[in-house]
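This briefing is meant to be read beside the sequence and the coordinates.

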Amino acid sequence: MNADLKAAARTALACLDLTSLNDADTPADIDALCRRARTAHGDVAAVCVWPRFVAQARAALPASIKVAAVANFPDGALDVQRALADIAAIAQAGGDEVDVVLPHRALLADQSTEVAEFLSEVRFASRPLTLKVIIESGELGTTERIAQATRMALAAGADFVKTSTGKTQVGATPAAAAVMLKEIAASGLPAAGFKASGGVRSVADAAGYIAQAEAALGAGALNPQRLRFGASGLLTDIESVLSGADSVASTAAY
Ligand SMILES: O=C[C@H](O)COP(=O)(O)O
């Protein structure tokens, strides 16, 4: 097993938001998710669930593993009342982090003033929780729109800018990550972070984003304060890489 791939697997594990956001998720599914959050190789950074499961996840996990939940998810409507209601539910249930979907269709319709107001209200309502803004880069499509959404999220005070909900055709891509990381670096904000999500399935995928984050933000950013992976299916490959088994998903790339 390649030593670089193992190092990438360790970073990906420490930075993983272990995610379950299926419509049919049950309390038993969330119990199983929380059990998986503590592996023989170390703990994930956070679990990411629907707001209705926050209290359950918080009770099942040590404080060192954060509980994140989604708001205005997955559609990203320009509906601040709905986002604020989600955030209030997450906070009241003891959640640590909010992953909110930016109203990307409104941005594409040039309603940037309304989107900025939405982000500002969301930031105000979610303090002191960590805020990740999902820009849905695959729907925004162009470099200019992805850069604009990233700048708007950072200007509003987002702690992380996140690529995707995982519910659209195009999730995280290296091209979108490059645009977002460039904007994060250019912002000069020393604590702003990047989250790759949507279709990140292998350690080889994660290794590419880790290399991009290191190039843009420096080696000091390769930790859960600055880098996250949001993924429902990545942990299996991380565990197989770290246990030394041949990883079907990752060996091809190394
Ligand atoms: O927020 C994270 C995404 O929903 C996860 O997407 P995924 O199921 O493609 O890993």
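Predicted model: local features only at pLDDT ≥ 70, side-chain atom pairs only at ≥ 80, totals over all residues.

- Strands of a sheet pair through backbone hydrogen bonds, and they may do so in the parallel or the antiparallel way.

**Cis peptide bonds and positive phi values**

- Most peptide bonds are trans, and most residues other than glycine have a negative phi, which is the background for the items that follow.
- The loop between strand S5 (66–71) and helix H4 (80–92) holds Pro74, and the peptide bond that joins Phe73 to Pro74 is cis, with omega about 0°.
- Asn72 lies in the loop between S5 and H4 as well, and has a positive phi, near 55°, although this residue is not a glycine.
- Asn72 counts as buried because 26 C-beta neighbours lie inside 10 Å, where the cut-off for a buried residue is 20 or more.
- A cis peptide bond also joins Arg127 and Pro128, here with omega about 10°, and Pro128 is placed in the loop between helix H6 (112–126) and strand S7 (130–134).
- In the loop between S7 and helix H7 (137–140) lies Glu136, a residue other than glycine whose phi is positive, near 55°.
- Is Glu136 buried or exposed? Glu136 is buried, since 28 other C-beta atoms lie within 10 Å.

**Helix H8**

- Helix H8 (residues 143–156) comprises 14 residues and reaches 20 Å from its first C-alpha to its last, close to the 20 Å expected at 1.5 Å a residue.
- The buried residues in H8 are Ile146, Ala149, Thr150, Met152, Ala153, Leu154 and Ala156.
- An α-helix has 3.6 residues a turn, so residues three or four places apart point the same way.
- The elements that cover the buried residues of H8 include helix H5 (104–108), H6, S7, H7, strand S8 (160–162) and helix H9 (174–187).
- After H8 comes Gly157, whose phi is positive and near 105°.

Definitions and conventions: Residues numbered from 1 in each chain as written. Helix = DSSP H or I, 4+ residues; strand = E, 2+ residues; numbered from the N terminus. Buried ≥ 20, exposed ≤ 12 C-beta atoms within 10 Å, placed from the backbone. Expected span 1.5 Å × (residues − 1). Contact = placed C-beta atoms within 7 Å.
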